[in-house]
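Biologist: I'd like a close look at one part of this model before we talk about anything else. Could you walk me through it?

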Amino acid sequence: MRIILLGFGKVGQSFVRLLSEAGLRLLSHGIRPRIVAVADRGGAAVNLQGLNVEQLLKVKRERGTVAAYPEHGRPNLSGLEVVEETPGEVVVEVTPTNLRDGEPGLSHIMAALKAGKHVITANKAPMALAFQALMELAEYNGLVLRFSGCVGGGTPILDFASRCLVGDRILSVRGVLNGTTNYILTRMAESRIGFEEALREAQALGYTEADPSMDVDGWDSACKLVILANWVLKRRVKLGDVKVQGIRGITLEEIMEELRQGRQIKLIAYADMETLKVSPEPVPVGHPLCVGGVLNAVCFTSQYAGEETVVGKGAGGMETASAILRDLISIKQQVRGS
Ligand code: HSE
């Protein structure tokens, strides 16, 4: 399976590492991965025989771009050109989230689908801005578009809903979908520290988006909610349909007051067939959604099975890379079964 990787930040680097570690496991699913191209901001490295993972990581670390890859480096070759010119079966799109227009991820995904390549993305922006259009484009071309890593890091939140609850009708989704804000609120409550200090800690630990207002102002949660609403509730909604309120205004005093009442403030995302909103809410201590630290938790209410909650780490390079690997296996299974 020839893989084209677009974006070589934390998630992209974790993915190539995981790919080389998971060789035997992938082989048992009939997958022999070969990374034929990697693109980042400085250009690309392209070798149809396969690029070496250690070499990729080394040039990125030492030279800042994969375009410095010996012999096969292509400075200034864009991700779009790589997708259009390089033969391959799967494009993995992990460029940074850009909520303004979804670029460059949106164009990468569209170009890949038009070029007959399956796509895996962990980039929330294109999915939150153009979910239906992208799914329809994939279907029209007989291709698979997977996006497990967009919600819950490595925690299989989307797969739980679409596979485990397949015989039921999901009525609503309620959850803590952002690790950074959960970390900040947890740290404020645990250590009586202010918002800014807790945010600095989250940034130092690498949980935040490049622009942390994505997290603290609720937009990251809103993107994930839109993906859940489209995928799980089959609603045709976009980011602009979500009523969004973040945690910037929450004071230590409010947090402590709720704690005295046996509750913790969480940034809760909620969707049913009418509502779509993200806002801070008190949750009783001991409730399944009252998770701490960087954890995510999502409670699905379905018609027959009732309430079920999935809990797991919602952020991190290796965690998100594991979701991409899951998607890779799922594409192989889907293509083989078709
Ligand atoms: N910044 C995101 C979070 C990363 O904190 O949850 C994972 O989407």
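Between which strand and which helix is the loop where proline 104 lies? Then take me from there to the ligand site.

Modeller: Ground rules first: this is a predicted model, where local features need pLDDT of at least 70, side-chain atom pairs count only at pLDDT 80 or more, and totals for chains, interfaces and linings use all residues. Residues are numbered from 1 along each chain as its sequence is written, and side-chain values use heavy atoms, with hydrogens and water left out.

Your proline 104 is in the loop between strand 5 (90–93) and helix 5 (105–114); helices (H or I, at least four residues) and strands (E, at least two) are DSSP runs, numbered from the N terminus. The bond joining glutamate 103 to proline 104 is a cis peptide, with omega about 5°. Another loop, between strand 4 (73–75) and helix 4 (79–85), holds asparagine 76. Asparagine 76 isn't a glycine, yet its phi is positive, near 70°.

Now the ligand. Its shell (residues with a heavy atom within 4 Å) includes Lys124, Asn178, Thr180, Asp215 and Lys224. By class, the shell has 2 nonpolar, 5 polar and 5 charged residues, where Ala, Val, Leu, Ile, Met, Phe, Trp, Tyr, Cys and Pro count as nonpolar, Asp, Glu, Lys and Arg as charged, and the others, Gly among them, as polar. Helix 8 (179–191) and helix 11 (219–231) each put at least two residues into that shell.

Some polar contacts (here, N or O pairs within 3.5 Å) are worth a look. A polar backbone atom of glycine 179 is 2.8 Å from a ligand oxygen. Tyrosine 207 brings a polar backbone atom to 2.9 Å from a ligand nitrogen, while glutamate 209 has a polar side-chain atom 2.9 Å from a nitrogen of the ligand. On its own the ligand has 260 Å² of accessible area, and the protein covers 90% of that (Shrake-Rupley method, 1.4 Å probe).

Definitions and conventions: A polar contact is a pair of N or O atoms within 3.5 Å; within protein, one must be able to donate a hydrogen and the other to accept it, and residues adjacent in sequence count only if both atoms are side-chain atoms.
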